[in-house]
Amino acid sequence: MAIGVNTLETDAGSSNFARLVLLHDNIGKVLVLLPAVKLLNLVSIWRETERHLQPVKGDDVRRFFSQETLRTKEGQRKLFSLPVFVDDAFECQDVLDVLEPYSGLRFSADRSWYIANMRSIRLGLSASDIDRAQPKGDDEAVISHAVERFTALRIRQRLEDTLGLPSLAPTTQKIIMLRSDPAAGVDRLVPVVKVDPSLSAQVMSWSVSPYYAAPGSIQSIDDAIIRVLGFDLVVNLALGIAMGKTLTLPEDTPRNQTPYWQQAVYTATLAERLAKKMESSIRPKPGLVYLSGLLHNFGYIVLAHLFPPHFSLLSRYIEANPHLRLDYIEKHILHVTREQVGAWLMESWSLPEEVYNGVRYLNEPLNPNAGVYAQIVHLANHALRLKGWADGPLEKEFNTDVLALTGLSQQQVMAEVEGMEADSGVLKEFTQSLASH
C-alpha cells in the first residue's frame, strides 16, 4: 500500500490545500477535510460525533472517487450532500483546493457547497504535534513507557524478561552465534542444519527453488549449502525466518497491505543487489545487508504481540492516513515505533550491530548512528514503495544525501528494481515457500 505524497508536500504550505477522506459506519458515509499533510485523528471524530466511523477500504475509496460524475463540477458539488467534517484550520477559507490521495481526484470546492452539512472540529495533527507528545529518553526508556502506558505490565526488572516474548529456539541461538562469529564456516553450519528437521527441509526447498537455478540434482544438505546456497545465505535466511516465526503474524492488519514475507524478501533482495553495486571501499557485507532487509519489518510483529488491543486502532489510522510515514502514526498511537522495538530486541538477542542499527535507523538514514546498512535498506524500501512492493507513502524523489553517501544514483537503484521485476515470478514463488514454512 503506497500513496503518493509529492503533491501533498509540494502544496503543503498553501493554507487552503485539503485532503479528502471517506469514512463510514452503520449509519452511512461521511467526508472529512483537513490540512493535507496532517494526521487525521480518528479519536477526535469518535469523541465529537459519538459515531465509530472507520476508513473505507483503499480499493473501495479508489472506485468511489473515480466515478465519471466526479470529473464534473456538478458531480463534485453533489458529493457534499454527504455530512462533512472540516478541520477548524479551514474555518475562514472560502475555497479549498481538495485532493483525494487514493484516486488522485483533485478539484476546487467552494465553501457554499458544504456549509449546510458541515461540522467544524479540530481533526489534524502535524508531525511536530506528534513529536512534542513523545516520551524522552533512549529506546529502552521509550519502550518501557509504551509498555506501561498501553498494557497492564509494570517494568520492575529487565525489560526483555517482562514482555512475555517467547525465547529463541536452541537452533536459532546456535545460528545467531554462527552469524556473530567471523571465523565460522560451512563445516560448523551443516551439523546445526542437519539436527533440525524443519530447517533441513527448508534448506533443501530453497536449494531447488527456481530462483537459484542450481545445475544438476541436489543430493544432500551438504550439497545444498556448499554447492548452491552458501554459508551467508543459509545463515541469514534461517535466522530471518526463525525470528519471523517466533511470533504470530497479526490478523487485523491494514487492508491492501503488502504481505509480511513478500516485503521482507523483496527488501532483502534489493538491498543486497544495491550493496553489490557500491564501490568496494565503502561496500557493506552483502550477507548482513540481506539480513537487515529481511528483518527490517520484524518490529511490526512485535508491536502486534505487545499491544493487541491497540493494534487494530493502529491499522485503522494507517488506512486513514496513507500519506504519512508509518513511524509517525505509530508514535501517535503507541509512542513507540516498529524500528525501535525491533532493533532493541535484536540487540538483546545479540544479533550483529550492523543489522540492528540498519533496522533502527532506516527511516533516519542521515542520523549519526545510522551507517551504511540503514542507508541501503532505506533506499531499497523507498524504491519498492514506488512499485507497490512495500508499505508506506510513495515519494518519487530519493534523498540525494543518502545517494551520495552510498555512491549510488537514482537510476542505478531503479535499474536494480527493474532487474528484480524480471525475476518477480521466481521471487514470488520463493516468498511463498518461505511463508509456507
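Predicted model: local features only at pLDDT ≥ 70, side-chain atom pairs only at ≥ 80, totals over all residues.
Tutor: Residues are numbered from 1 along each chain as its sequence is written, and side-chain values use heavy atoms, with hydrogens and water left out.

Student: How many helices and strands does the protein chain have?

Tutor: The protein chain has 24 helices and 11 strands. Helices (H or I, at least four residues) and strands (E, at least two) are DSSP runs, numbered from the N terminus.

Student: What makes the radius of gyration of the protein chain agree with that of a compact globule?

Tutor: The radius is taken over C-alpha atoms, and the globule rule is 2.2 Å times the number of residues to the power 0.38. For 437 residues a compact globule would have a value near 22 Å, and the protein chain has 24 Å, which agrees. The C-alpha trace spans about 75 × 50 × 40 Å along its principal axes.

Student: Why is Tyr 266 called buried?

Tutor: Buried means under 20% relative accessible area, exposed means over 50%, and partly exposed lies in between (1.4 Å probe, protein chains only). Tyr 266 has 0% relative accessibility, so it counts as buried. Of the 437 residues of the protein chain, 56% count as buried.

Student: Why is the pair of Phe 107 and Trp 113 called stacked?

Tutor: The structure holds nine aromatic pairs. Rings of Phe, Tyr and Trp (its six-membered ring) pair if their centres lie within 6.5 Å; planes under 30 degrees apart count as stacked, over 60 as edge-to-face and the rest as tilted. The rings of Phe 107 and Trp 113 have their centres 6.5 Å apart and their planes at 25°, so the pair is stacked. Phe 107 and Trp 113 are both buried, and ring pairs link Phe 80, Phe 107, Trp 113 and Tyr 114 into a cluster.

Student: What makes the pair of Tyr 266 and Trp 389 edge-to-face?

Tutor: Their ring centres lie 5.1 Å apart and their planes meet at 75°, so this pair is edge-to-face. Tyr 266 lies in helix H14 (residues 260–277) and Trp 389 in the loop between helix H21 (371–386) and strand E11 (392–394), so the pair ties together parts that are 123 residues apart in sequence. Trp 389, at 11% relative accessibility, also counts as buried.

Student: How do you know that helix H18 is largely enclosed by the rest of the structure?

Tutor: Eight of the nine residues of helix H18 (residues 326–334) are buried, so the helix is largely enclosed. Among the buried residues of H18 are Leu 326, Tyr 328 and Ile 333. Helix H19 (residues 338–348) is mostly covered, since nine of its 11 residues are buried. The buried residues of H19 include Arg 338, Trp 344 and Met 346.

Student: Why is Asn 256 called partly exposed?

Tutor: At 25% relative accessibility, Asn 256 falls in the partly exposed class. Its place is in the loop between helix H13 (231–244) and H14, and its phi, near 75°, is a positive value in a residue other than glycine.

Student: Which residues is Thr 171 in contact with, leaving aside its neighbours within four places in sequence?

Tutor: Contact means heavy atoms within 4.5 Å. With those neighbours within four places set aside, Thr 171 is in contact with Val 192, Asp 196 and Leu 199. Thr 171 is found in helix H9 (residues 170–180) and is buried, with a relative accessible area of 16%. Thr 171 and Leu 239 are 68 residues apart in sequence and 9.3 Å apart in space, C-alpha to C-alpha.

Student: Why does Ala 435 count as partly exposed?

Tutor: Ala 435 has 35% relative accessibility, so it counts as partly exposed. Its place is in helix H24 (residues 424–436). Not counting residues up to four places away in sequence, Ala 435 touches Lys 245 and Trp 261.
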